[in-house]
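Student: Can you walk me through this one? I'd like to start with how helices and strands get their labels.

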Amino acid sequence: MEAGGGGEAEEEQVMSEVHLGCPPRFSGLYLSRFTFSSLPLGGSDGEHSGGCEMAAATSSCDLPDAVAVDDEGDLVLDRRRRRKRDGRRSDDHVLTVQHGITSSLQSVGLQVWKAAMLLTDFVLHKSFTSSEFDGVTAMEIGAGTGLVGLAQARVASKVFITDRGTDILDNCLANVHLNSSTLKFDEANIHVRELDWRTSWPPPVGTRDASDPSSIYLWAASEIEEAEKATLLLAADVIYSDGLTDLFFNTVRQLMSRGVEKVLYLTLEKRYNFSLDDLDVVANGYKHFRTFFAVRDGCGGLNNAAFKPGLVGEQIDLEKVPQYIREYDRGDDLEMWKLVYCCPD
């Protein structure tokens with residue numbers, strides 16, 4: 001996640017709703033633990049439910065399993081998963097994320113945002129219900145804390161976690177170290193790299209310099225080749241500024257038009273403010289965002305006849321994306337899109 005602006009005056013601080021339960025007035029980086037299991041919230045064995053039902057992450061007691069008999073007096077075993085003493089189920093997983101609780105607009109990538117939680121739910125759902133994302137090379141663009149890329153790292157062959165700025169990238173790398181053992185992925189297959197949308201794609205090739213710690217985030221030529229073989233691109237909450245949206249889509253078009261066929265899954269949160277131009281409450285940047293791709297209609301066709309080579313989008317019904325992570329409330333302002341790069345015949 002990137003941001004622009006700046007100045008000598010003290011910068012306004014913003015805070016994600018995801019962090020509302022964190023200690024108030026806490027400065028510096030904070031560790032949060034997000035829990036999930038192989039079953040979505042509100043689901044049962046073999047069932048998956050949509051929507052955004054919230055569930056408590058902890059329980060105050062550990063009740064024994066119920067004992068019952070059937071009409072013939074035989075013991076009926078309750079197949080429900082046992083819970084641990086801390087209230088978690090025996091198949092629960094934990095994503096540990098280091099993040100800021102508040103930040104300036106320049107450093108919003110240090111926070112966890114709801115759109116990233118939604119995209120993480122989607123990645124987890126794919127990993128639990130299909131093999132579609134197994135063994136792929138993936139790239140998270142504008143990764144922020146790297147939450148989505150970490151979830152994908154559980155099943156991917158290789159993941160590039162990309163963003164801009166040493167503070168953001170250092171934090172991404174710290175989160176890779178925090179989760180590799182618990183999520184059981186090989187850190188050697190996770191590459192935290194700087195991708196500045198202002199330079200588009202491909203990024204410049206750099207040389208590691210022991211005197212410059214930030215040089216570990218530079219790209220090798222072989223890594224750029226590997227990244228162009230990525231079939232899965234992921235981006236969460238990168239749409240909030242028209243200028244950055246321009247840069248983002250320029251980078252995405254360049255990347256998706258090279259190498260193998262790719263699909264981009266993008267999530268966003270529509271943030272509403274009153275606009276003097278529209279004399280109405282509008283979602284900042286959303287109208288501009290929708291100009292960058294043609295929309296595929298319900299029959300699989302395109303809604304504009306004069307389509308040129310470029311991006312084609314399809315909105316994903318969130319009822320088909322169950323919630324796995326307990327510690328957030330989706331609300332009503334999140335959207336998810338699937339984008340591909342098409343050339344007309």
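Tutor: Helices (H or I, at least four residues) and strands (E, at least two) are DSSP runs, numbered from the N terminus. The model is predicted.

Student: Where is Asn 171 found, then?

Tutor: Asn 171 is in helix H3.

Student: Buried or exposed?

Tutor: Asn 171 has a relative accessible area of 3%, and the cut-off for buried is under 20%, so Asn 171 is buried.

Student: What is Asn 171 in contact with, leaving aside neighbours within four places in sequence?

Tutor: Leu 29, Gln 98, His 99, Leu 110 and Thr 145.

Student: Changing topic: what is the strand order in the open sheet?

Tutor: The order is S9-S8-S7-S10-S11-S16-S15-S14, 8 strands with mixed pairing. Strands S9 (190–194) and S14 (294–295) are the edges, each pairing on one side only. Helix H3 (residues 166–183) packs on this sheet, touching S8 (158–163) and S9, and its direction makes about 175° with that of S9.

Student: How many bridges join S10 to S11?

Tutor: 5, and the two strands run parallel. Leu 234 stands opposite Tyr 265 in S11.

Student: How many salt bridges are there?

Tutor: The count is 13. One of them joins Arg 326 and Asp 92, with the closest N and O atoms 3.3 Å apart.

Student: Which parts does that pair tie together?

Tutor: Arg 326 lies in the loop between S15 and S16, and Asp 92 in the loop between S4 and S5, so the pair ties together parts 234 residues apart in sequence. Arg 326 is buried at 7%, and Asp 92 is buried at 8%.

Terms used
Residues numbered from 1 in each chain as written. Predicted model: local features only at pLDDT ≥ 70, side-chain atom pairs only at ≥ 80, totals over all residues. Heavy atoms only, no water. Pairing = 2+ DSSP bridges. Contact = heavy atoms within 4.5 Å. Axes fitted to C-alpha atoms, helices over the stretch in contact; angles between N-to-C directions. Buried < 20%, exposed > 50% of the residue type's maximum accessible area, 1.4 Å probe, protein only. Salt bridge = Lys/Arg side-chain N within 4 Å of Asp/Glu carboxyl O.
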